[in-house]
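The sequence and structure are shown first.

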Amino acid sequence: MANLESAGTTIYFETSLAPLMEIIEQGKYSKVFVFTDGNTSEICLPVFRSLLADFSEFDLIETDPGEENKNIDFCIGIWKTLLDFEADRKCLMINLGGGVITDMGGFVASTYKRGIDFINIPTTLLSQVDASVGGKTGIDIDNIKNMVGTFTLPKAVFIESEFLKTLPERELLSGFAEMIKHGLIADAAYYQSLKTSDYRNLDPAAVFRSVEIKNQVVTEDPQEQNIRKILNFGHTIGHAVESYALNSRSKTLTHGEAIAIGMVCEAFLSHRYCNLSTEELADITAYFCSLYPAYTIEPASFDALLKLMQSDKKNEHGQILFSLLERIGHCEYNCKVTEKDILESLNYYNESYNK
Ligand code: NAD
């Protein structure tokens, strides 16, 4: 399978990590750190070690798993650990894990001593097709998603289907939501092909296509000044729902589950504001309802959700801005929507499982 290039970063596919040793040797790094969470230490580190049998000269930095730990307290702990290890600016950090690890590890690396090199080895489907690619790093503040972060590209990204073998089904489905999003915003034929594929047994070519779409968009607009905003389809409402669930701890959602909810709501808004056809809205709604478990967005949470949307990073001059579909395969950005219609879209989602 070919590699993809992204502004100096190479995204390697299915290489069994073979080029990694060369990158480490060429970089003449003073130290190498592998950053994991408790699960990826236990499950993915043995795979990493088995693929790189000759490589043992690294120190392990481990954090607790889960979105609730993607915060500044854990970053301070990691920065201090790097200091304890006497890490200088010439060291390398390898992020081995899901999107929480690649987001937080990238953030820690891009800020430690004003920036050290890092490499992403994403081990969830979600981080392979989305989080590890494109250079967005970040952490949550008070459970508001990705409030602090940087745009910093990793030195390289390695996508290996080997890591997905241990991933729970729910996490596969979570990543699949971002793949569907890539089809919805940029490639109608790809969306149709996903509808006939099994997320539990994905063709690596489908993963490649998803990364290719993301990479194309971020290469055109690395700092999200314009077209990159289309990658946020489903995320204005999805992030608010995810943050609310994290805060209330009533029922935790995976990132993909939250984004799937957001995509149904924002497909409704696309129909109202961007001429997405009735048939396409029905198609998208039915597809998400067939894949993802029903969830109720409690009407008592609507005001809090609107407040969370007001913190969204795409907003300008206090106006909540959406990325919405004109049709399947084509997305507009900077769409203004009234609060009344946002609330209607939440009700539309709540009723969609009964349609
Ligand atoms: P995650 O990192 O929390 O991983 C999900 C769970 O799977 C964790 O418990 C983890 O320990 C476990 N796990 C990881 N790899 C495993 C494996 N191979 N086998 C078994 N278990 C494994 O979550 P995620 O869904 O990968 O990522 C979500 C995060 O990504 C969110 O914070 C989201 O905001 C972020 N994100 C970032 C971007 C970006 O552009 N930077 C894009 C999309 C999402």
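## Packing of helix 13

The buried residues of helix 13 (302-309) pack against strand 8 (144-151), helix 10 (235-248) and helix 14 (339-352), where contact means heavy atoms within 4.5 Å. Helices (H or I, at least four residues) and strands (E, at least two) are DSSP runs, numbered from the N terminus. This is a predicted model, in which local features need pLDDT of at least 70 and side-chain atom pairs count only at pLDDT 80 or more, whereas totals for chains, interfaces and linings use all residues. Residues are numbered from 1 along each chain as its sequence is written, and side-chain values use heavy atoms, with hydrogens and water left out.

Phe302, Leu305, Leu306, Leu308 and Met309 are the buried residues of helix 13; buried means under 20% relative accessible area, exposed over 50%, and partly exposed in between (1.4 Å probe, protein chains only). These residues lie on the same side of helix 13 because they cover an arc of only 160° around the axis, the arc being that of the directions from the helix axis to the C-beta atoms. The exposed residues Asp303 and Lys307 are carried on the face turned away from the buried side of helix 13.

## The largest cavity

The whole structure holds 3 cavities of 30 Å³ or more. On a 1 Å grid over the protein atoms alone, a cavity is a set of points where a 1.4 Å probe fits but cannot get out, and lining residues have an atom within 4 Å of a point. Grid points are joined across faces, edges and corners, and a volume is the space filled by probe spheres set on the points.

The largest cavity contains about 100 Å³ of space. Its lining includes Leu308 and Met309, and helix 10 gives the most to it, with 4 residues. The lining comprises 5 nonpolar, 4 polar and 3 charged residues. At least three lining residues come from each of domain 1 (4-166) and domain 2 (169-352), with bounds from an automatic or database domain assignment.

## Positive phi angles

Most residues other than glycine have a negative phi. Leucine 17, in the loop between strand 2 (9-13) and helix 1 (18-27), has a positive phi near 65°. Leucine 17 counts as buried because its relative accessibility is 0%.

Arginine 114 also has a positive phi, of about 65°. Arginine 114 is exposed, with a relative accessible area of 76%.

Definitions and conventions
On a 1 Å grid over the protein atoms alone, a cavity is a set of points where a 1.4 Å probe fits but cannot get out, and a pocket is an open set with protein on both sides within 12 Å along at least five of seven lines; lining residues have an atom within 4 Å of a point. Ala, Val, Leu, Ile, Met, Phe, Trp, Tyr, Cys and Pro count as nonpolar, Asp, Glu, Lys and Arg as charged, and the others, Gly among them, as polar.
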